[in-house]
Amino acid sequence: MRLILVGPPGAGKGTQAVFLAAHFGIPHISTGDIFRANIKGETELGKLAKSYLDSGNLVPDSVTNDMVRDRLTHVDTAPGFLLDGYPRNVGQAVFLAEVLLKNSTPLDAVLELSIPNEEIIKRLSGRRVCRNCGATSHVIFDKSKVEGVCDNCGGELYQREDDKEEVIAHRLSVYAEQTEPIIAFYRELGLLNVISAVGDVSEISTNAVAALK
Ligand code: AP5
């Protein structure tokens, strides 16, 4: 299964990606997670990416495209992959199409998680992320057992810089202007499946698997 998950910030892409990657036995490739790991590790890529992530702007395509092309050469992508957060504009979508054509590994599907903006703001402003393992929780919808402590590994939970309210608004406008056009791009190719991202996490996972059959 070669799959792209698309949807606005906070739609639940990361949450559903963990389930879908395990379900299909494929790696979950999140460009946001790769950037955050590099920022944490203080690598050159991380130093370059930090100001873009903190402000909610896209990292330049010249950096992101090469990073994804390289990731798709790893042996774990032989059975397929789930791309989460990439492509994020039409230029990236065209670049990816060229890479996949060259590798003779066509996409199977694109799954769009559809959600209204009001719900997004509630989700992102309450999201907490583990500094150690990257697991995501929510102060209301998916509370950790001990406040501020990750259920998964005991690490410290923190609020992403780009989950502050003023940055959320900017990320939503970047999504509308730059990312939404890829939905029409994939619809034209007959690859697009759309499901609602509102409801219980497990119910959405069930609907996602059904849409991908
Ligand atoms: P990225 O990390 O990709 O962020 P995003 O797309 O903005 O998505 P999020 O991680 O915010 O949300 P999500 O949809 O994964 O939701 P989640 O499952 O966590 O990108 C960050 C930045 O990196 C970008 O702004 C850019 O700077 C850079 N970047 C990344 N890719 C790039 C690219 N291709 N090109 C250039 N730059 C790039 O859920 C959100 C919250 O809701 C959680 O707290 C969760 O617990 C909760 N939740 C989930 N599902 C439900 C539910 N059903 N009900 C209630 N709560 C729920």
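This is a predicted model: local features need pLDDT of at least 70, side-chain atom pairs count only at pLDDT 80 or more; totals for chains, interfaces and linings use all residues.
Trainee: How do strands of a sheet pair?

Mentor: Strands pair through backbone hydrogen bonds, and the pairing is either parallel or antiparallel. Here, five strands form an open sheet in the order β2-β3-β1-β4-β8. Their pairing is parallel.

Trainee: Which strands stand at the edges?

Mentor: β2 (28-30) and β8 (192-196) do. Each has a single partner strand, so one side of each lacks a neighbour in the sheet. On average, neighbouring strands are turned by 20° against each other, direction ignored.

Trainee: How many bridges join β2 to β3?

Mentor: Three bridges join β2 to β3 (residues 81-84). Look for I29, which stands opposite L83 in β3. Then find α2, which packs on the sheet and touches β2 and β3. The direction of α2 makes about 65° with that of β2.

Trainee: Now the ligand. Which residues come nearest?

Mentor: There are 35 residues around the ligand, and T15, N57, R88, R127 and R171 come nearest. By class, the shell has 13 nonpolar, 14 polar and eight charged residues. α2 returns here: it gives the largest share of the shell, four residues.

Trainee: What lies 2.6 Å from an oxygen atom of the ligand?

Mentor: A polar side-chain atom of R127 does. A side-chain N or O atom of R36 is 2.8 Å from a ligand oxygen. G10 uses its backbone: an N or O atom there lies 2.9 Å from an oxygen atom of the ligand.

Trainee: How much of the ligand's accessible area does the protein cover?

Mentor: The ligand on its own has 1100 Å² of accessible area, and the protein covers 95% of that.

Conventions: Residues are numbered from 1 along each chain as its sequence is written. Side-chain values use heavy atoms; hydrogens and water are left out. A residue is near a molecule or strand if one of its heavy atoms lies within 4 Å of it. A polar contact is a pair of N or O atoms within 3.5 Å; within protein, one must be able to donate a hydrogen and the other to accept it, and residues adjacent in sequence count only if both atoms are side-chain atoms. Accessible areas come from the Shrake-Rupley method with a 1.4 Å probe; for residues, only the protein chains shown count as cover. Helices (H or I, at least four residues) and strands (E, at least two) are DSSP runs, numbered from the N terminus. Ala, Val, Leu, Ile, Met, Phe, Trp, Tyr, Cys and Pro count as nonpolar, Asp, Glu, Lys and Arg as charged, and the others, Gly among them, as polar. Two strands pair if DSSP finds at least two bridges between them. Axes are lines fitted to C-alpha atoms, for helices over the stretch in contact, and angles run from 0 to 180 degrees between N-to-C directions. Contact means heavy atoms within 4.5 Å.
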